[in-house]
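Okay, thanks for having me, everyone.

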Amino acid sequence: MLKKPVLVESLIVFVTVLFVHAVVWDRYSWCAVALAIQAFYVQFKWDRLLQLGGAVFQFRTAANSGLLPASMVIPLLGIVMKERCKAAGIVYFERFGIVVASTGMLVALFLSVIAVGITKPVPTNTCILTGIAGSIIIYTMKHSLTVSEVIEVLEVLLIFVYLSMILLYLLPRCFTPGEALLVLGGISFVLNQLIKRSLNVVEGRGDPIDFFLLVAVVGVVLLGLFFTVLFIFMDSGTWISSMFFHMMTAVLGLGVIMPWLYRLIQRNPLFWLLQFLFETQTRVYLLAYWTFLAASACGIVFYQNAKRSSESKKHQASTITRKYFHFIVVATYVPGLIYDRQLLYVAAVLCLAVFVFLEYIRYFRIKPFGQTLRHLLSLFLDERDSGPLILTHIYLLLGMSLPVWLFPRACAPKGTLSGAGALVPYSGVLAVGVGDTIASVFGSTMGEIKWPGTKKTFEGTMTAIFAQIIAVALILIFDSNVNLNSSYAWILASVSLVSLLEAYTTQIDNLLLPLYLQIMFM
């Protein structure tokens, strides 16, 4: 068993599900257990389809399907959010957590049914398991959700279906089925939330920074879809096309996205953003510090490209070189988490929009910077960037930012949770910035004992766990808002589980690990 990484990965996910189930112990956690069992069996059907080339779309080939670990993320996040908000007495967000969990289960079931439906011959046992799990989940939803919540869940599923058909066709080999479930499921939920809130705007209700995130994510996705369709009919690499790209970006930004945001926050978005960014002296200092770090990251890119000689055009940056960016991201996020989390929230949204926009420029070869970006970033490609898009740096940003964005502020007294929950915003820093980085550096330089069936080393995993424990101790020293209340054993178990998951998963660890650590901490 230990020689098959997918089985060990599945075992780690099952342990996480059982931990959550043992703490929550309600009908939703039972549904999560049923979903995990059926996803485990269906995962092998997806793997077989990918090996035989029988999948409907082209998926990333250097990894397994990743259906089980991806299927459990959204349901578990919803369940733990429900429990936290129930304990805080916030009924609205308790119901919201139930909707999130139900949506995640239904979307995961949809992917399972797709795999079972296109597998020949029809896998009878897997069909029965999927039917049983689906019946349990739908029965629970029937007796738990109101009519409006059922409609909301079905709306997200419908958006996911159409978005999957469009993006998986336009972006071959960019995702595994599990990664597509996570990314497209998240975008579908964000789009549905934005539509829902836009139709029910109440002045003074809702945090402007939440609206800013929703509009930014949906805006960059719609921008990409628009230009992808447009450049089917014209060459994107010409100066005329490039001028049209910049002009239409300005038109869509100022004519659609800005008015949309204005409707939601009831004030001028640009004035609000400028006032927010420069509201206090601490924010000015943080922005200046982050500007310096961004310039340093650009300097590393230029320096590494300057080292690349004309005789070694196929030369790629080493693992240690790529981890420089992880250190820079840690240096960026930690001061923001300690001194001003709201500023970090908004700055991360702006960075995401900039990263995606620059990727559009690179992908469409928009002049004058498109070809330059292609040349500069090609040095940092790895086997996970097998599709037309380069997504690893965007996944790194998402992995660090999602725990900050998904932190249930309304259900947290004084802006923080008690016990291990106080470390939720630090999940990305610990899992990716510290754990994954240290594991890669020490594993590649000093590691000798390999985990069975993988290239990862025992030494790398152990040093990653140790480094994360030291990081937690430093967080306790420097962040006065963090009070762990003697939950050290749970923190050690959480960090160890996620570090083992890093050793055995073939999915994008920058995206998956912070979410699992967040689930365990919550």
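So, where is Trp-25 found? Trp-25 sits in the loop between helix 1 (5-24) and helix 2 (27-52). When I say helix, I mean a DSSP run of H or I with at least four residues, numbered from the N terminus (strands would be E runs of at least two).

Quick housekeeping before I go on. This is a predicted model, so local features need pLDDT of at least 70 and side-chain atom pairs count only at pLDDT 80 or more, while totals for chains, interfaces and linings use all residues. Residues are numbered from 1 along each chain as its sequence is written, and side-chain values use heavy atoms, with hydrogens and water left out.

Back to the backbone. Trp-25 has phi near 50 degrees, which is a positive value in a residue other than glycine. Trp-25 is also exposed, at 55% relative accessible area. The cut-offs there: buried is under 20% relative accessible area, exposed is over 50%, and partly exposed is in between, with a 1.4 Å probe and protein chains only.

Which other backbone spots did I pick? Arg-365 is not a glycine either, and its phi is positive, about 55 degrees. You'll find Arg-365 in the loop between helix 13 and helix 14, and it counts as partly exposed at 32% relative accessibility. Pro-368 is also placed in the loop between helix 13 and helix 14 (370-378). The peptide bond running from Lys-367 to Pro-368 is cis, with omega near 10 degrees.

While we're in that region, have a look at Ala-353. It lies in helix 13, residues 341-364, and it is partly exposed, with a relative accessible area of 24%.

Okay, cysteines. How many disulfides does the count come to? One disulfide, where the rule is a pair of cysteine sulfur atoms within 2.5 Å. The bond joins Cys-85 to Cys-411, with an S to S distance of 1.9 Å. The torsion about that S-S bond is about 95 degrees, so the disulfide is right-handed. Cys-85 is in helix 3 (residues 67-88) and Cys-411 is in the loop between helix 15 (392-405) and helix 16 (427-446), so the pair ties together parts that are 326 residues apart in sequence. Cys-85 counts as buried at 1% relative accessibility, and Cys-411 is buried as well, at 3%. Cys-298, on the other hand, is in no disulfide: the nearest cysteine sulfur, that of Cys-351, is 11 Å away. At 43% relative accessibility, Cys-298 counts as partly exposed.

Now for helix packing. Two packed helices are described by the angle between their axes and the distance between the axes. For us, axes are lines fitted to C-alpha atoms, for helices over the stretch in contact, and angles run from 0 to 180 degrees between N-to-C directions.

Helix 3 comes up again here. Helix 3 and helix 19 (residues 509-521) pack at about 30 degrees, with axes 9 Å apart. Their crossing is left-handed, meaning the near helix is turned anticlockwise from the far one by less than a right angle; clockwise would be right-handed. Residues making the contact (heavy atoms within 4.5 Å) include Met-72, Leu-76 and Arg-84 of helix 3 and Leu-515, Tyr-516 and Phe-521 of helix 19. By class, that contact has 12 nonpolar residues, one polar and one charged. Nonpolar covers Ala, Val, Leu, Ile, Met, Phe, Trp, Tyr, Cys and Pro; charged is Asp, Glu, Lys and Arg; the others, Gly among them, are polar.

The other pair is helix 12 (residues 319-339) and helix 15, whose axes come within 11 Å and cross at roughly 20 degrees. These two are therefore roughly parallel to each other; that label is for angles under 35 degrees, with over 145 roughly antiparallel, 65 to 115 roughly perpendicular and the rest oblique. Helix 12 and helix 15 cross in a right-handed way. Among the residues that meet are Phe-325, His-326 and Tyr-333 in helix 12, and Leu-396, Met-400 and Ser-401 in helix 15.

Setting aside neighbours within four places in sequence, its contacts include Leu-430, Val-434, Ser-499 and Leu-517.
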